[in-house]
Amino acid sequence: MNVRHDFSTARPAGILPPEPGLREIAEALGYSPDWNWSWESYKPILLALAQAYGLRDHLEIGGGRDPVFSEADLARHDIRVTINDISETELALAPAAFSKLCCDIAAPGTIERVGRERFDFAYCRMVMEHVEDVAQMWRNVHAVLRPGGAALSFFPTLFAPPFVLNELMPERLSRAVLHAVFPDRRDGGENPKFPAHYTLCRGSERVLVPLLHEIGFREVVVLPFYGYSYFWKVPGLRQVDAAFTALARARDWRTFTSFAYVIVRK
């Protein structure tokens, strides 16, 4: 999907057009709280943000073997992407055209190693639920961004039932259940499972906005999403869960979101 922001209205010489806000960019892409939109629009919204704010130097956190952009995308969109991962093994599977950075982006001493104000844009998908100290991760993200930079985190949220079960069950049991339902999540597969903590993984502004403003982000947007596919193979439960999800979405019950985008601007 290509979104064109038209700011061609005549203005006095030397007056720059106003930048669109974070929510405005999402709305221009047709934002919907349906969970399918979150997955389908992840790459388009990254491109829209990069275009709107001139973000060229990117850091994909936890990109590992499966970065969102292809090697061809780098030249097509005039961007430079550094893939970060905590695992050398995952980074070894990443395409050769990308710069690579092996470190724990959430560790207290990471900034001394990575450097301040090094990137224009930082983003991650399905990463923050695996981080124990999410507040420290956001502080580090703020530090590595240049002024005017942006960040987007896409993660599953509590208290969606499948993620509550994942958190409550012992890791060994939750791994066995997930592998039975989704074989590609097995170790060595295309999408292996990692332990999840869900710290600050919520779809509510009330939980996240005060922290992110305190860290120093000047603009914060939380986009909630409802729905998932985890119970589709369970007759009866599938219908009950779908009905509850539809009700939660209709009434915007943020306690029961399934996924969220948190988008911030420094």
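Of the 266 residues of the protein chain, 48% count as buried, where buried means under 20% relative accessible area, exposed over 50% and partly exposed in between (1.4 Å probe, protein chains only). This is a predicted model, in which local features need pLDDT of at least 70 and side-chain atom pairs count only at pLDDT 80 or more, while totals for chains, interfaces and linings use all residues. Residues are numbered from 1 along each chain as its sequence is written, and side-chain values use heavy atoms, with hydrogens and water left out.

The protein chain has 11 helices and 7 strands. Helices (H or I, at least four residues) and strands (E, at least two) are DSSP runs, numbered from the N terminus. Among contacts between residues at least 6 apart in sequence, 70% join residues at least 24 apart; contact means heavy atoms within 4.5 Å.

**Two packed helices**

Two packed helices are described by the angle between their axes and the distance between the axes. Helix H7 (residues 134-144) packs against helix H10 (residues 205-215) at an angle of about 40 degrees, and their axes are 10 Å apart. Axes are lines fitted to C-alpha atoms, for helices over the stretch in contact, and angles run from 0 to 180 degrees between N-to-C directions. The angle makes H7 oblique to H10; angles under 35 degrees count as roughly parallel, over 145 as roughly antiparallel, 65 to 115 as roughly perpendicular and the rest as oblique. On the H7 side the contact is made by Ala-135, Trp-138, Arg-139 and His-142, and on the H10 side by Leu-211, Leu-212 and Ile-215. By class, this contact has 5 nonpolar, 1 polar and 1 charged residues. Ala, Val, Leu, Ile, Met, Phe, Trp, Tyr, Cys and Pro count as nonpolar, Asp, Glu, Lys and Arg as charged, and the others, Gly among them, as polar.

**Aromatic pairs**

The structure holds 23 aromatic pairs. Rings of Phe, Tyr and Trp (its six-membered ring) pair if their centres lie within 6.5 Å; planes under 30 degrees apart count as stacked, over 60 as edge-to-face and the rest as tilted. Two of the pairs are set out here.

| Pair | Centre to centre | Angle between planes | Class |
|---|---|---|---|
| Trp-35 and Trp-232 | 5.9 Å | 75 degrees | edge-to-face |
| Phe-225 and Tyr-261 | 4.9 Å | 70 degrees | edge-to-face |

Trp-35 lies in helix H2 (residues 35-40) and Trp-232 in the loop between strand E6 (219-225) and helix H11 (237-251), so the pair ties together parts that are 197 residues apart in sequence. Trp-35 counts as buried at 14% relative accessibility, whereas Trp-232 counts as partly exposed at 48%. The other pair also links distant parts of the chain, with Phe-225 in strand E6 and Tyr-261 in strand E7 (residues 259-265), 36 residues apart. Phe-225 is buried, with a relative accessible area of 0%, and Tyr-261 counts as buried at 0%.

**Backbone details**

Most residues other than glycine have a negative phi, and most peptide bonds are trans. The peptide bond from Leu-158 to Phe-159 is cis, with omega near 25 degrees. Phe-159 is in the loop between strand E5 (145-156) and helix H8 (161-168).

Tyr-198 has a positive phi, near 60 degrees. This residue is found in the loop between helix H9 (171-181) and H10, and is buried, with a relative accessible area of 4%. Asp-252 has a positive phi near 50 degrees and lies in the loop between H11 and E7. At 36% relative accessibility, Asp-252 counts as partly exposed.
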